[in-house]
Amino acid sequence: MNLRKKVTVVGAGNVGANCALRIADKELADVVLVDVVEGVPQGKALDLLQSGPVQGYDVMVTGANDYGPTANSDIAIITAGFPRKPGMSRDDLLLANYEVVKTATEQVVKQSPNCIIIVVTNPLDAMCQTAYMVSQFPKNRVIGMAGVLDTARFRTFIAQELKVSAENVTAVVMGGHGDTMVPLVRLSGVSGIPLTELMDQATLDRLVERTRNGGAEIVKYLKTGSAYYAPSAATVEMAESILKDKKKVLPCSAYLEGEYGIKGLFVGVPVKLGERGIEQIYQIKLAAEEQALLQKSAKAVQELVDVIRKKNV
Ligand code: APR
């Protein structure tokens with residue numbers, strides 16, 4: 001019996017390589033990095049492996065251009081994709097990444113039919129739908145990383161504003177990953193103290209707006225890429241909860257079948273993550289205004305999914 005866990009990371013770029021690094025550092029599992037670029041996953045894997053003696057981890061890290069070495073993974077993290085290039089429309093990017101995620105999912109499923117897939121590639125919720133449709137996995141085994149990152153950004157800004165430990169700040173963000181995300185201020189707070197008691201409405205609005213544009217703010221600085229330290233940290237928090245069956249309650253993109261009035265669509269909601277993947281979807285009572293924002297966000301996800309469907313009829 002193999003007691004060691006195994007995680008495949010598809011895409012050995014910025015997010016993928018940092019996922020591998022964090023998994024190794026936490027000694028969560030052996031890691032297989034897969035990428036289409038020859039040599040890159042092998043080189044980065046070897047480099048990570050050689051950090052082991054210094055960092056004090058014994059996990060195996062390997063790199064490959066094919067999926068053979070990924071066989072029997074417990075989790076597959078899909079980060080492969082293209083960044084948006086000048087002149088590319090949102091739909092062009094959507095269809096390019098659709099092909100990448102489709103191929104990656106087919107290969108992952110062939111090698112690891114029992115794994116849990118965590119999707120990171122953007123546009124996130126539509127890519128979750130792709131992985132779900134292609135894998136034909138049960139809905140508990142396809143999960144999107146978005147809310148953990150969005151709440152991490154919101155928590156950071158709140159902590160900075162109040163000059164308190166970010167660890168004490170809890171936040172709830174729902175909806176699709178993107179500018180229609182729905183930060184739920186009412187349910188966010190510091191060690192149980194509601195945020196609304198700690199700052200005025202104008203400050204709250206400013207922090208919510210900064211959270212919505214959190215990804216774009218970093219792209220603007222980096223110019224040639226998007227964020228990867230916080231995205232990889234968020235992804236690995238999800239992977240850890242699954243691998244250790246911690247049952248953390250985290251905001252993730254999940255396939256909804258009527259929850260919040262949304263059917264047949266991946267949207268960010270609070271879920272419980274354990275060894276079976278999504279073990280519970282929490283349906284919390286929303287105010288009418290919050291529900292309206294969530295519907296609007298779901299509509300934006302639906303539009304992207306429709307573009308994919310239209311191409312595949
Ligand atoms: N199979 C495997 N790897 C692929 C494929 C494919 N079909 N197509 C592209 N890749 C690889 C690229 O070679 C590259 O190494 O995916 C990697 C993507 O890495 P980066 O360009 O560094 O992008 P990154 O910052 O890691 O972001 C990846 O995560 O947060 C999201 O929006 C982000 O969709 C993007 C994804």
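Author: One term is needed at the outset: a residue counts as buried if its relative accessible area is under 20%, as exposed if over 50%, and as partly exposed in between. The model discussed here is predicted.

Reader: What percentage of the 313 residues in the protein is buried?

Author: The cut-off for a buried residue is a relative accessible area under 20%. Of the 313 residues in the protein, the buried share is 50%.

Reader: Which radius of gyration does the protein have, and why does it agree with that of a compact globule?

Author: The C-alpha trace spans about 55 × 50 × 40 Å along its principal axes. A compact globule of 313 residues would have a radius of gyration near 20 Å, so there is agreement with the value for the protein, 19 Å.

Reader: How many helices and strands does the secondary structure comprise?

Author: Among the helices is H11, which covers residues 288-311. Among the strands is E1, which covers residues 6-10. The secondary structure of the protein comes to eleven helices and 14 strands.

Reader: Which residue of E2 is the bridge partner of Thr8?

Author: Strand E1 (residues 6-10) is mostly covered, with four of its five residues buried. E1 pairs with strand E2 (residues 30-34) in the parallel sense, over five bridges. In E2, the bridge partner of Thr8 is Val32.

Reader: Which residue in E10 is the bridge partner of Thr170?

Author: E7 and strand E10 (residues 189-190) pair in the antiparallel sense, over two bridges. The bridge partner of Thr170 in E10 is Gly189.

Reader: Why is strand E14 described as largely enclosed, and how many of its five residues are buried?

Author: Strand E13 (residues 263-274) pairs with E14 in the antiparallel sense over four bridges, and a hairpin of two residues joins E13 to E14. Strand E14 (residues 277-281) is largely enclosed by the rest of the structure because the number of buried residues among its five is four.

Reader: Which residues are closest to the ligand?

Author: The ligand is surrounded by 16 residues. This shell divides into eight nonpolar residues, seven polar and one charged. The closest to the ligand are Asn14, Val15, Asp35, Thr79 and Asn122.

Reader: What percentage of the ligand's exposed area does the protein bury?

Author: A polar backbone atom of Val15 is 2.8 Å from an oxygen atom of the ligand, and a backbone N or O atom of Gly81 lies 3.4 Å from an oxygen atom of the ligand. A polar side-chain atom of Asn122 also lies 2.8 Å from an oxygen atom of the ligand. Taken alone, the ligand exposes 730 Å², and the share of this that the protein buries is 81%.

Reader: What is the value of omega at the peptide bond that joins Asn122 and Pro123?

Author: Asn122 is among the residues closest to the ligand. Pro123 lies in the loop between strand E5 (116-119) and helix H5 (124-135). The peptide bond that joins Asn122 and Pro123 is cis, with omega at about -5°.

Reader: Is Asp245 buried or exposed, or does it count as something in between?

Author: Asp245 is found in the loop between helix H10 (229-243) and strand E12 (248-257). Phi of Asp245 is near 50°, a positive value in a residue other than glycine. The relative accessibility of Asp245 is 26%, so Asp245 counts as partly exposed.

Reader: Is Tyr260 buried or exposed?

Author: Tyr260 is found in the loop between E12 and E13. Phi of Tyr260 is positive, near 55°, in a residue other than glycine. Because the relative accessibility of Tyr260 is 6%, Tyr260 counts as buried.

Reader: How far apart in space are Glu289 and Ser232, C-alpha to C-alpha?

Author: Glu289 lies in helix H11 (residues 288-311), and it counts as exposed because its relative accessibility is 62%. In sequence, Glu289 and Ser232 are 57 residues apart. In space, C-alpha to C-alpha, Glu289 and Ser232 are apart by 32 Å.

Definitions and conventions: Residues are numbered from 1 along each chain as its sequence is written. This is a predicted model: local features need pLDDT of at least 70, side-chain atom pairs count only at pLDDT 80 or more; totals for chains, interfaces and linings use all residues. Side-chain values use heavy atoms; hydrogens and water are left out. A residue is near a molecule or strand if one of its heavy atoms lies within 4 Å of it. A polar contact is a pair of N or O atoms within 3.5 Å; within protein, one must be able to donate a hydrogen and the other to accept it, and residues adjacent in sequence count only if both atoms are side-chain atoms. Accessible areas come from the Shrake-Rupley method with a 1.4 Å probe; for residues, only the protein chains shown count as cover. Ala, Val, Leu, Ile, Met, Phe, Trp, Tyr, Cys and Pro count as nonpolar, Asp, Glu, Lys and Arg as charged, and the others, Gly among them, as polar. Two strands pair if DSSP finds at least two bridges between them. The radius of gyration is taken over C-alpha atoms; the globule rule is 2.2 Å times the number of residues to the power 0.38. Buried means under 20% relative accessible area, exposed over 50%, partly exposed in between (1.4 Å probe, protein chains only).
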